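Thanks, everyone. I'll go through one structure today, starting with the ligand site and then the rest of the chain.

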Amino acid sequence: MPPMQSGNPSRIAFIGGGSMARALIAGLLRRGVAPRQISVGEPSSEARTALQREWGIDAASADNTAAAAGADLVVLAVKPQDAAAALAGLHPTLLERAPVVLSIAAGLRLQDLARACPPGLAIVRAMPNRPALLGAGVTGMFAAPSVSAAQRALAELVGAAAGRAVWLRAESELDIVTALSGSGPAYFFLLAEHMAQAAQDLGLEPATAAMLAAETLHGAGLLAHQDIPLAEQRAAVTSRGGTTEAALRVFQQAGFDALVARALQAGSARSSQLADMLSAPPDSLNSSKRP
Ligand SMILES: NC(=O)c1ccc[n+]([C@@H]2O[C@H](COP(=O)([O-])OP(=O)(O)OC[C@H]3O[C@@H](n4cnc5c(N)ncnc54)[C@H](OP(=O)(O)O)[C@@H]3O)[C@@H](O)[C@H]2O)c1
């Protein structure tokens, strides 16, 4: 193996080859990482075959140790409740090469990950979101100050693989990111659902209303992706005395801003609460179940 350089790993190992791992792998391949630089530990033979067929990943194995051998970066992509068991089986391999460990497991805090890993490893957390499946994701990332710039660059390669990545100042900000970008697609879907229903109630055909709502969400998303502030984008649609202004006034008079604030507070608080429930002494982490 050639020596590792910043952001240019010899090998990235995914532990867990489920939907989010596949989204990140697809992103890495799009960004020029070669299939032979990626290995996957995944129990399902169906999932391993799909990885081979779809992405040319030959190094997919039911044996996590084989998958992680020689990796500079190990991406923990199993469900949070499976993480401790997966990491426990990897200790000898992790000790051998001391790779950076990147966890995308929701709610598993650094202190819990550190407890489940051999001492001294660089551990990074990332919270991607579902649009990553289409390469349009956004990921919040956090690492302890002891993690070097080169190790962060390596982790960011995966964090940004399926969209954009942003580094956070504190681990607790991951709860806010979970409520904002993690759950956020559902809020927009809910709004679009209600818009379609309201249009239907006003007389549009259901299929027409649903199509118009979904396409509007898509188009607004594309516009929002431009480097223009959201308020400016909104103002560009809102002419004085017009239809948009009339509709927005109803939202505002009903306390839409306070409602959104309360929703994000609830999501963030729930994220923190779930992390508390996952956070447990070493032997009980194995049996932690997400409610
Ligand atoms: N999907 C999202 O939108 C999203 C967003 C943010 C964060 N995340 C996080 O990403 C992680 C993965 O989520 P996902 O949606 O990709 O889940 P998933 O589709 O269920 O993938 C997890 C995979 O890990 C496998 N697995 C279980 N135990 C394992 C072990 N010991 N070693 C190796 N592989 C093992 C599972 O196999 P079996 O099915 O055979 O058990 C499954 O294929 C989760 O921690 C989640 O919190 C997901």
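Which pocket does the space taken by the ligand correspond to? The ligand takes the space of the second largest pocket. A pocket here is an open set of points on a 1 Å grid over the protein atoms alone, with protein on both sides within 12 Å along at least five of seven lines.

Before the details: this is a predicted model, where local features need pLDDT of at least 70, side-chain atom pairs count only at pLDDT 80 or more, and totals for chains, interfaces and linings use all residues. Residues are numbered from 1 along each chain as its sequence is written, and side-chain values use heavy atoms, with hydrogens and water left out.

Around the ligand there are 21 residues (a heavy atom within 4 Å), and M20, E42, N64, V78 and A106 are the closest. By class, that shell has 12 nonpolar, 5 polar and 4 charged residues, with Gly counted as polar.

Now the polar contacts, meaning pairs of N or O atoms within 3.5 Å. V78 has a backbone N or O atom 2.6 Å from a ligand oxygen atom. For S19, a backbone N or O atom is 3.0 Å from an oxygen atom of the ligand. N64 uses a polar side-chain atom, 2.9 Å from a nitrogen atom of the ligand. Of the 880 Å² of accessible area that the ligand has on its own, the protein covers 71%; that is Shrake-Rupley with a 1.4 Å probe.

On to the chain. The domain assignment, automatic or from a database, gives domain 1 as 12–169 and domain 2 as 183–254. Their centres, over C-alpha atoms, are 36 Å apart.

Conventions: A polar contact is a pair of N or O atoms within 3.5 Å; within protein, one must be able to donate a hydrogen and the other to accept it, and residues adjacent in sequence count only if both atoms are side-chain atoms. On a 1 Å grid over the protein atoms alone, a cavity is a set of points where a 1.4 Å probe fits but cannot get out, and a pocket is an open set with protein on both sides within 12 Å along at least five of seven lines; lining residues have an atom within 4 Å of a point. A molecule sits in a cavity or pocket if more than half of its atoms lie within 2 Å of its grid points.
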